[in-house]
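The sequence and structure come next.

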Protein chains: 2
Amino acid sequence: MDKTHGEIPTLGYQKVLAQLRRKKREHLKLLQRLVAQPSISAQNEGVRDCAELLASIMEELGVPAQIYETEGQPVVFGEIGEGDLTVLFYGHYDVQPPEPLEAWTTPPFSPTVRNGRLYGRGTGDNKGQLLTHLLAVHSYLEVLGKLPIKIKFIFEGEEESGSPYLADFVAEHQELLSADLAYTSDGPLHESGAPAIYYGVRGMLGLEMSLETASWDNHSGNKGGVIPNAAWELVRILFSMKDEQGRVLVDGFYDRVREPSEIDLELIANLEYHPWQIAKNFGVKKINLEKEEFYRRLTLEPTMTINGLTSGYQGQGTKTIIPAKASAKMDCRLVADQDPEEVFSAIKHHIEKMNPEVEVIQQGYMHPSRTDPGLPVSQKILKAAQAATGKKPVALPATGGSLPDYVWTKILGVPSIIVPYANADEANHAPNENLSLECFYQGIEISARAIYELSKK
Amino acid sequence: MDKTHGEIPTLGYQKVLAQLRRKKREHLKLLQRLVAQPSISAQNEGVRDCAELLASIMEELGVPAQIYETEGQPVVFGEIGEGDLTVLFYGHYDVQPPEPLEAWTTPPFSPTVRNGRLYGRGTGDNKGQLLTHLLAVHSYLEVLGKLPIKIKFIFEGEEESGSPYLADFVAEHQELLSADLAYTSDGPLHESGAPAIYYGVRGMLGLEMSLETASWDNHSGNKGGVIPNAAWELVRILFSMKDEQGRVLVDGFYDRVREPSEIDLELIANLEYHPWQIAKNFGVKKINLEKEEFYRRLTLEPTMTINGLTSGYQGQGTKTIIPAKASAKMDCRLVADQDPEEVFSAIKHHIEKMNPEVEVIQQGYMHPSRTDPGLPVSQKILKAAQAATGKKPVALPATGGSLPDYVWTKILGVPSIIVPYANADEANHAPNENLSLECFYQGIEISARAIYELSKK
């Protein structure tokens with residue numbers, strides 16, 4: 001094999017593409033093999049076997065692979081090619097528990113094709129998507145005998161359990177993982193069928209506040225009017241945390257929020273916007289926001305959300321008590337450059353100022369992460385997605401939700417882009433998870449095209 | 001028998017008292033007979049049998065009795081004596097369900113004496129207390145052959161089910177029930193052991209508000225920042241209903257609240273006040289109110305209480321959702337001359353002004369009731385309780401809780417006084433309900449003395 005590297009001619013890429021299209025049956029078989037191996041991290045079921053299977057599939061595809069131990073499940077690492085530019089593909093080979101089993105039409109680990117989709121646990125989330133990158137690389141090797149850039153793979157085995165050791169692994173293996181770009185395919189395409197591209201994620205901070213105003217619930221008549229009510233006190237504290245426009249009133253909350261850049265706003269300006277359709281998808285009557293405001297709030301601004309309220313009697317009918325206890329579960333979605341610990345301290349301080357006896361507990365957090373959409377690599381991925389699909393990508397400055405993307409941007413210190421490949425109705429985390437074959441094959445082509453675009457000077 | 005009537009000499013009363021003290025064993029036996037008959041209105045268990053037993057006991061005691069049908073359980077009525085003044089004793093012969101049965105030391109309907117108490121369902125609430133009046137009357141008849149006043153009895157059979165037909169019965173039998181004073185013994189003595197006297201009750205209004213901001217709970221990341229949150233909206237509405245001092249901000253809420261009279265404030269001024277002891281009894285750290293403020297708020301001012309809050313996720317750990325639904329259960333304690341329907345309308349109007357989509361449901365109400373503590377009958381009862389017990393009564397303008405006292409003051413249009421006889425730890429509504437024999441015998445003496453005091457010109 002000619003192992004030289006660098007930019008490849010268009011003709012070379014066309015040959016790779018043709019090869020991909022010839023090999024669809026083989027690619028599907030390989031995905032079925034990978035899905036057939038259970039790898040349920042939450043139940044520690046088959047995860048190591050799956051790591052070994054994945055490493056051997058990588059070797060079969062021409063990618064030297066190695067299994068790294070962690071405090072939890074193993075990381076499968078691979079590396080191939082040479083070039084001025086290195087891309088690090090991230091994915092996870094573990095899957096969600098398949099229960100309830102009786103809800104599956106065909107068993108979760110007996111991957112079956114029906115109506116143009118492969119059904120099975122992990123088809124879309126994330127085995128099908130991680131495999132696309134390997135298959136794209138394999139086709140380059142088969143057709144051209146070389147890769148135009150250097151490619152690394154990191155596949156973890158406990159994303160579905162919250163990636164508890166990923167950050168540590170990345171911190172401890174910075175040289176091994178060093179790259180110019182991290183590339184993640186997870187989640188679905190835009191629901192229009194257009195490819196989606198996210199240049200970041202919002203972070204997350206979970207917390208719970210609880211208070212106790214008496215040792216027991218008291219009778220609302222016999223004691224009513226002379227002792228505190230935990231529910232009213234909770235209402236008072238919560239009300240102090242947001243104004244009527246929904247702006248958070250906690251001192252310092254917005255201090256580090258990054259102003260949207262011109263290119264952030266340009267991305268938003270380029271989006272189609274159908275508020276009535278969004279309202280329907282969200283189950284609300286109306287979206288009362290203009291496009292820019294809508295997407296700024298969803299991707300570039302932090303939130304403070306009550307997830308749940310609990311106090312007093314909640315059964316049928318009435319129970320005339322003065323509740324002794326009240327609590328609220330909350331989460332904040334954080335944006336660059338907010339720091340979860342700082343935000344938690346600010347909120348705790350605010351609550352304690354309102355009532356020093358309230359207990360405020362942190363329930364985990366994830367840093368926000370952003371990559372400049374104006375970077376050359378950012379633009380190349382956008383171009384690759386459009387060229388491979390023939391559709392204008394829905395490109396956003398960030399997802400509204402949270403992923404551990406900060407391990408690449410903050411710990412490894414590289415740009416990171418999220419390019420989901422699955423169908424919008426993949427039913428990940430649910431029974432009858434599936435990956436449309438069209439999305440699977442299209443994903444391989446996007447990955448191949450991304451490699452091609454990244455190889456260009 | 002000499003059936004003449006009118007004021008009796010002190011010596012006559014002393015003879016009645018002596019007779020009461022001789023007959024303790026017989027009185028206890030009669031109570032045991034009445035308690036042994038189940039009469040669980042909530043389960044329609046034995047209630048009619050108990051009405052018949054009670055009527056026959058009344059006849060045995062020399063009180064002509066009659067059973068009146070209602071749409072629900074029967075009313076037992078009795079009438080005896082002649083005089084310028086008529087007192088109507090109210091009580092209820094139905095009892096709470098006895099469950100959980102395994103928690104009883106001796107079976108609930110096998111009344112048993114232990115440690116100076118009679119244990120059994122209904123001993124204190126209310127069979128023992130209603131029997132005291134009958135036994136006092138019986139002793140007058142036995143010793144003097146006559147009563148110095150006219151006495152009526154109304155014993156209902158579904159107080160523990162909310163007295164659904166009592167108001168109708170009173171409205172339809174105003175002549176039968178006509179009296180100068182209604183007298184109720186229910187509930188416990190003051191916890192110091194002193195007799196308690198209440199010249200009224202607070203009313204009650206139950207309500208529930210609920211709102212729905214979306215058709216389902218949405219993901220707090222993927223949708224966070226652009227759609228409403230039912231929990232925040234509930235907080236906003238609730239916060240608008242009370243100021244930081246706890247004053248209700250609903251327009252019109254206080255419109256009909258009666259100013260305390262001089263004698264109301266005098267009653268309060270006469271009370272002992274041990275805020276640290278009260279705090280301990282209420283399970284709170286501290287009572288931060290002066291005596292007058294404390295009792296004004298508890299008996300002469302209305303409340304608005306959150307009984308329960310429900311929204312979103314309330315389980316272990318976190319669930320990052322934007323709740324679609326939120327609700328609050330509430331009750332108001334009302335004071336003279338508030339009207340529950342008017343107050344409900346005012347609250348509903350307030351909430352609908354805040355958010356017209358909130359559903360506000362009324363969950364029952366009871367009118368407040370007040371009797372002037374300065375009336376001669378009011379003063380006589382106070383004197384009777386003090387004379388019979390040798391202790392200064394704890395006399396309050398009203399109870400903090402609610403009883404259907406308005407049927408006497410508003411429907412029948414007579415003064416009404418509540419004079420509880422049971423021990424403070426009677427465990428009514430709980431397993432091992434009991435009545436201390438001392439309280440039972442003392443109750444008979446208070447009733448006898450009340451009759452004596454009322455007979456005085």
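A:Asn126 sits in helix 4 (residues 123–144) of chain A, where helices (H or I, at least four residues) and strands (E, at least two) are DSSP runs numbered from the N terminus. The peptide bond between A:Asp125 and A:Asn126 is cis, with omega about 15 degrees. The model is predicted: local features need pLDDT of at least 70, side-chain atom pairs count only at pLDDT 80 or more, and totals for chains, interfaces and linings use all residues. Residues are numbered from 1 along each chain as its sequence is written, while chains are lettered from A and ligands numbered from 1 in the order in which they are written.

A cis bond also leads from A:Glu99 to A:Pro100, with omega near 0 degrees. A:Pro100 belongs to the loop between strand 3 (86–92) and strand 4 (112–114) of chain A. Most peptide bonds are trans, and most residues other than glycine have a negative phi.

| Residue | Phi |
|---|---|
| A:Asn115 | about 50 degrees |
| B:Asn432 | near 60 degrees |

A:Asn115 is in the loop between strand 4 and strand 5 (117–119) of chain A. It counts as exposed because 8 other C-beta atoms lie within 10 Å. The scale used is buried for 20 or more other C-beta atoms within 10 Å of the residue's own, exposed for 12 or fewer, and partly exposed in between, with C-beta atoms placed from the backbone. B:Asn432, in the loop between strand 18 (416–418) and strand 19 of chain B, has 18 C-beta neighbours inside 10 Å and is therefore partly exposed.

Strand 5 (residues 117–119) and strand 19 of chain B are joined by 3 bridges, and B:Tyr119 has B:Asn434 as its bridge partner.

Chain A is divided into domain 1 (10–201 + 368–455) and domain 2 (203–257 + 301–366), with bounds from an automatic or database domain assignment. Their C-alpha centres lie 39 Å apart. Across the boundary, 7 residues of domain 1 are in contact with 8 residues of domain 2, contact meaning C-beta atoms, placed from the backbone, within 7 Å.

Between the chains, 59 residues of chain B are in contact with 59 residues of chain A. Strand 12 of chain B gives the largest share of its side, 8 residues. Strand 12 (residues 305–312) of chain A runs antiparallel to strand 12 of chain B, with 5 bridges between them; A:Gly308 stands opposite B:Gly312.

Chain B can be laid on chain A with an RMSD of 0.2 Å by a turn of 180 degrees and a shift of 0.2 Å along the axis, superposed by least squares on C-alpha atoms of residues with pLDDT of at least 70 in both. The two copies are therefore related as by a two-fold rotation axis. The same surface serves both, since 100% of the contact residues of chain B recur in chain A.

Definitions and conventions
Two residues are in contact if their C-beta atoms, placed from the backbone, lie within 7 Å. Two strands pair if DSSP finds at least two bridges between them.
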